[in-house]
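Please read the following note with the sequence and the model open beside it.

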Amino acid sequence: MLNVILVAGVIAVAGQGTAQTGAPAPQVDPYGVFARARGVWSTQHYPHFLAYTIAVNVIEGGVAKSKHYHLTYDAQNDKIQVNPVSDEEKSAPPVVSGFLWHLQPKRQHQMLFDKKVGNPGEAVDYLGVPMLAPTYSFGMKALSGTETGRDDDQLVAQIRQQFNDPVPPAKDRELSSQGDRKAIADVTSRARNYTIRLVGIEAVDGQPCYHLSLSPNGNPQVLRLRDAWIDTGSFETRQIVTAGNFTGLNVPWRISFENISGAVYIASEMAQAPIGVGEHRYEHASISFQGIVPTSAPTHLDGMFVTKQSLMTEPGNDGHR
């Protein structure tokens, strides 16, 4: 267990320069930074329904290729709808060698077939049809029962509620100039799924961030976080690196986040090494979430039948969170 002191805007290790007047600046505790980042995830509020586009981009044999898919997301019920037919397929429909006619009441016949991931030909979905939510946290959001000891989210939420932390930036600068930062709570962190090390403070999109290095203490297939960049002011997650991403794609991926209208969303996900899918080998692969906007209700997305094996989904047992 590690005793830490949370002061206005800074997490310090107890007994190592603890925000007293004239004392050295507190040493940043990486476990406290991680807990604060998880607390921010727990406070995110999203519209009931979201509409967005996912662009899947690859480079194969030196040729850049892209496909765009339209999705809607029910954030309250954690449900995704995706049109499995990309914009590119609509503009140049593939020639299908086999098909199945399916009758639905009061609707016209629909042509259904299984789209093979990585299958040669115009019908290929480079990484699979994306069944992905823009609010997925990659394990940054602590879930009840997943940690040993007190849940980080509950701890941070309690502190923020009781002490209105973090203080406004102007007040924080005033306290810093006067050497008058006050300790607001003495808490104990028991979460030890990861061994966490502070690499340093680095800029991400011009914003200073704590760069954390994470090593799982067991179960690396589930505990996939390897690096995280946490904003030093807001404690929002700006960027992470995961060991593997999407079902069956086990190379490291770098994920970037953006704040849209006060909430954190995935901006892009980029493979850090070449990947093979079916008979294809991509020198580069990435996806990006585009045009994320609230919508009044999910729109039914007509399209062809796609099996589970043809979907690109996030691994793990935490749903789309």
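In which loop does Phe138 lie? Phe138 lies in the loop between strand 8 (129-130) and helix 3 (152-163).

1. Basis of the note. This is a predicted model, in which local features need pLDDT of at least 70 and side-chain atom pairs count only at pLDDT 80 or more, while totals for chains, interfaces and linings use all residues. Residues are numbered from 1 along each chain as its sequence is written, and side-chain values use heavy atoms, with hydrogens and water left out.

2. Overall content. Four helices and 19 strands are found in the protein chain; helices (H or I, at least four residues) and strands (E, at least two) are DSSP runs, numbered from the N terminus. Of the 321 residues in the chain, 47% are buried. Buried means under 20% relative accessible area, exposed over 50%, and partly exposed in between (1.4 Å probe, protein chains only). Among contacts (heavy atoms within 4.5 Å) with a separation of 6 or more, 58% are between residues 24 or more positions apart.

3. Helix 1. This helix has 13 residues and reaches 19 Å from its first C-alpha to its last, close to the 18 Å expected at 1.5 Å a residue; the expected span is 1.5 Å times one less than the number of residues. Because 12 of its 13 residues are buried, helix 1 is largely enclosed by the rest of the structure. The buried residues include Phe34, Arg36 and Trp41.

4. Aromatic pairs. The whole structure holds nine aromatic pairs. Rings of Phe, Tyr and Trp (its six-membered ring) pair if their centres lie within 6.5 Å; planes under 30 degrees apart count as stacked, over 60 as edge-to-face and the rest as tilted. Phe34 and Tyr194 form an edge-to-face pair, 6.1 Å centre to centre with 75° between the planes. This pair links distant parts of the chain, since Phe34 is in helix 1 (residues 30-42) and Tyr194 is in strand 10 (residues 194-204), 160 residues apart. Both Phe34 and Tyr194 are buried.

5. A second pair. Tyr46 and Tyr265 are also edge-to-face, at 5.1 Å centre to centre and 65° between the planes. Tyr46 lies in the loop between helix 1 and strand 3 (49-60), and Tyr265 in strand 15 (residues 263-271), 219 residues apart. Tyr46 is partly exposed, with a relative accessible area of 23%, whereas Tyr265 is buried at 4%.

6. Charges over rings. Arg36 lies over the face of Phe235, 4.1 Å from the ring centre. The charged end of Lys67 sits over the ring of Tyr126, at 5.2 Å from its centre. A charge sits over a ring if NZ of Lys or CZ of Arg is within 6 Å of the ring centre and within 35 degrees of the ring normal.

7. Positive phi angles. Most residues other than glycine have a negative phi. Phe138 has a positive phi, near 60°, and Ser261 has one of about 55°. Ser261 is in the loop between strand 14 (252-260) and strand 15 and is exposed, with a relative accessible area of 81%.

8. Thr53. This residue is found in strand 3 and is buried, with a relative accessible area of 15%. Not counting residues up to four places away in sequence, Thr53 touches residues that include Tyr69, His70 and Phe289.
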